[in-house]
Amino acid sequence: MPKKLQYFNIGGLAEPIRYILHYTKQDFEDYRHDIDTWPDLKIKASLPYGQFPIYEEDGKVLTQTLAIAKYVSRDTELIPDDAWQRAVVESAVYTVFDYWKNVTPYFLEKDPVKKEELKKVLFDETIEYYFSRFSKHLSENGGYFSGKLSWGEFVLTGVVEASNLFLKIELEKKYPVVGATVEKIRNLPGVKEYIKARGVYKLPAKFDDKK
Ligand SMILES: N[C@@H](CCC(=O)N[C@@H](CS)C(=O)NCC(=O)O)C(=O)O
């Protein structure tokens, strides 16, 4: 049975998984639900935890971005051989997600006053806190979390791209070390061709408070 990844018609949390699948040359169905018409309550109720991404293989379903990204990286060089380095990569991706958990409450907030409060903390403190540390970690390890290419840099790249889209910023400009890693991932064989074919993502109208 073919592999299938289900998410929305944006990059978001699915993009690092898509990048890994393309880089490692795995065939999969890239099924995209329309984010503008979400939630489809029937589909939502059918999902194990009501959210995407989900990954299906041989009639089994896996949830959680990090579990899926690690699973699809198995048996490739994207998982370090050394147990300590494997743990370092996992520590890094959990930290990238700690950062991301500060971003979603901001772009999901509807109340303009609360949104402004969240924005201030996010833009004035949280981004600098995490990205100065990601920059240090990467620059001390040759632009990677564990000294060589791993699934961790794919996760970072997806979260940087999602941040840029949803926050209307360019993290790479302020954090060039992170930017260099992101560029490396975006230019990997398989990833580069996929990005060219899929084009540029637009911020979904429902998340654009200027509209
Ligand atoms: N911890 C989960 C979070 C999943 C998540 O937040 N999914 C969002 C999209 S990024 C979603 O499905 N939102 C639609 C909904 O909750 O109805 C993961 O990493 O996969």
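Among contacts in the chain between residues at least 6 apart in sequence, what percentage join residues at least 24 apart? The figure is 71%. This is a predicted model. The chain holds nine helices and four strands.

**Order of elements**
- Reading from the N terminus, the elements run β-α-β-α-β-β-α-α-α-α-α-α-α.

**Strand β1 and its partners**
- Strand β1 covers residues 3-8, and strand β2 covers residues 28-33.
- These two strands pair in the parallel sense, over six bridges.
- In this pairing, Lys3 stands opposite Phe28 of β2.
- Strand β1 is also joined to strand β3, residues 54-57, by three bridges.
- Here β1 and β3 run antiparallel.
- Lys4 stands opposite Glu56 of β3.

**The β-α-β unit**
- Helix α1 spans residues 15-23.
- Together, β1, α1 and β2 make a β-α-β unit.
- The unit is right-handed.

**Overall size and packing**
- The chain has 211 residues, and a compact globule with that number would have a radius of gyration near 17 Å.
- The chain has 17 Å, so it agrees with the value for a compact globule.
- The C-alpha trace spans about 50 × 40 × 30 Å along its principal axes.
- Buried residues make up 31% of the 211 residues.

Note on methods: Residues numbered from 1 in each chain as written. Predicted model: local features only at pLDDT ≥ 70, side-chain atom pairs only at ≥ 80, totals over all residues. Pairing = 2+ DSSP bridges. Right-handed = clockwise from strand over helix to strand, strands pointing away. Rg over C-alpha atoms; globule rule 2.2 N^0.38 Å. Buried ≥ 20, exposed ≤ 12 C-beta atoms within 10 Å, placed from the backbone. Contact = placed C-beta atoms within 7 Å.
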